[in-house]
Amino acid sequence: MKHQLNYPFDPHYILRKKRSIKRELLKNTGLVNRRIAIIGGSTTAEIKDILELFLLKDGIKPVFYESEYGKYYEDIMFENNELDKFAPETIYIHTSSVNISNFPTIQEESDSVAQLLQKEFAKFTTLWERIEATYHCPIIQNNFELPYYRTLGNLDFSDIHGRTHFLTQLNQHFAEYARSCKNLYINDINYLASWFGLERWYDKNFWYAYKYAMNYEAIPLLTHNIASLIKASYGNSKKCLVLDLDNTLWGGIIGDDGIDAIKLGRETAEAEAYTDFQQYIKELKQRGIILAVCSKNELDNAKAGFFHPDTILKLDDFTAFQANWNPKHENIKHIAETINIGLDSLVFVDDNPAERQIVQDMIPEVAVPDIGNNVAKYIDVLDKTGYFETLSISKDDLQRNSYYTENLKRQEVEARYNNYDEFLKSLEMVAEIKAFVPVYLERIAQLTNKTNQFNLTTKRYSLAEIEAIANDTNYISIYGRLKDKFGDNGLITIIITAIKGKELHIDLWLMSCRVLKRGMEKAMLDQLVQAAHQRGITIIYGYYYKTVKNKMVSELYRDMGFECVSLAENGDSVWRYKLPEKYENQNQLIEVIT
Amino acid sequence: MTNAEIMPKVQNIFRDVLDNEELEIGAESNANNVEDWDSLAHINLVVAIEKEFKISFALGEIDSLKNVGEFVDLIKQKINP
């Protein structure tokens, strides 16, 4: 079922079979409802239908609000009870080059052209500002594809009166705005249209007959891209790339051919393609994707490949390295355990269709793109899957690989200690636990959307919501950073609590899996209790909302000394902690800076 | 290709698009007597037919068609010019 919607997909199959595909997908359990408003500058009916499929495939059941045809501006700018009532969690603005109100005419002076550009840009900024003020939700906004025609020919690109020039400038403005605005995400249809082919993109039959701004066949590509952005906003992006070696990262079989004969470098066409693929992977790693090897090979042979004079990837680029003769799905599970991430965070790349099939069958959570067996196409497929879509690149992303590498060092040290507390002491941990401060709000919002396992309520927050909470005196909200002698883990845990009279309610408590079993949760509770004391709180309520992923914290409140108030049939539970006269800190192993 | 050869393929397209495996389509079928054949499904039908028979309709060419029979006639003209 799943593969029909996996890139590379057949757009005609999806369009033709959309009803039965949807029927099948609705049978999946554990779907999460999301309210998505589609605000269209052209017809959006089919876009809504196909977007729904791509979201359902990954566990999101969208509920849609759809603007009337072409009413994107009015729907947002004027009072709209229906949209207010709908309370969108995401707003997608489907506009494109057909929605430009006024292109410059050839007679216009340059300042008049500049005014026109500002006016067109302001139309959108007022929309975004209004959404920010009214709905505080993420906005997904199309940029503009290149124009359908060029009356100035090639001059259209450089002359200020050209449509090509005008749209390019407008896109530039969009990019600048998106960089400075945290809740605006650009859906780059300019790239999509180019990739798809402008000639096909502009299917004017569909424009004149049904007011679709682009070819029907492009709708799956477009909606797949929107779905990637929406999933990224809910933290559903992949984190780790697991790679086969022979005929994936280099040509040939290193065990048979030897290191000198594998194809890498710039000497032959094939070698060059493998080298470019390595370069692509290297760039993914640099932006924060974790790399692992999973290969059927002798370990020594497998490692030797990374000493080839032309290899771009080096041994220390990989956080986990499994080369043996065990089944790959077992190795992949081992990799996930070693680096402590969920199986659904993994993407497995292998040129061998049989291996891909087994892994997909044995571990359906792992994404297994059909990269084919032509090395010239590997990058194309992997890049277009959208698995690693991200809404922003944070400092944390750039350092992620070092976090995991440091963790491996900790694991080595841990093995030398018989007593776990002794091991923890040896780490010389220092935590910083403080109330939310502006510089960390983006990271905090990112954590709420990415953390699934150590997460008591799995409530997701937008940046705007986190900002509001940080400034609201009715909340006590704290973050924790943790470092030790191996390195700095960065900001890895937060607690958000709401004050109601003498009661404190824990809306959210989460911690990155990177720092599990270090006792950081105890240090956090200590600080929370202290803050609660100061505010005259007498009782703290904790909530556990069960999901398929957060079983590890089902008993957290009990372990922390809370008593269970109620346990629902679905596994949700409510806990209570009465603040004692004199509280003794639970944490003894981490030095805390407040 | 004859009408008799075209018709089963068209019927399959209708079954796929309208997600009804038992749907029977005849020359007299039209949007009024076939369940779920709404304007959105209509576009899906046209797109699927264009793809299936590797043809393309000109703007306005299908607006005047009264039923599936006329649709099939047009398809035949297009593939046997």
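**View 1. The contact between chain A and chain B.** In this predicted model, 14 residues of chain A are in contact with 11 residues of chain B (contact: C-beta atoms, placed from the backbone, within 7 Å). Two or more residues each come from helix H1 (11-16), helix H2 (18-25), helix H3 (45-57) and helix H11 (204-210) of chain A. H11(A) gives the most to this side of chain A, with 4 residues. Helices are DSSP runs of H or I with at least four residues, strands are runs of E with at least two, and both are numbered from the N terminus. By class, the side of chain A that touches chain B has 6 nonpolar, 3 polar and 5 charged residues. Ala, Val, Leu, Ile, Met, Phe, Trp, Tyr, Cys and Pro count as nonpolar, Asp, Glu, Lys and Arg as charged, and the others, Gly among them, as polar.

**View 2. Strand E10 of chain A and strand E11 of chain A.** E10 (residues 430-435) and E11 (residues 475-484) pair in the antiparallel sense over 6 bridges (pairing: at least two DSSP bridges between two strands). A:Ala435 stands opposite A:Ile478 in E11(A).

**View 3. Strand E10 of chain A and strand E17 of chain A.** E10(A) and E17 (residues 591-593) run parallel, joined by 3 bridges. Here A:Val430 stands opposite A:Glu591 in E17(A).

**Notes.** Residues are numbered from 1 along each chain as its sequence is written, and chains are lettered from A and ligands numbered from 1 in the order in which they are written. The model is predicted: local features need pLDDT of at least 70, side-chain atom pairs count only at pLDDT 80 or more, and totals for chains, interfaces and linings use all residues.

Key:
Two residues are in contact if their C-beta atoms, placed from the backbone, lie within 7 Å.
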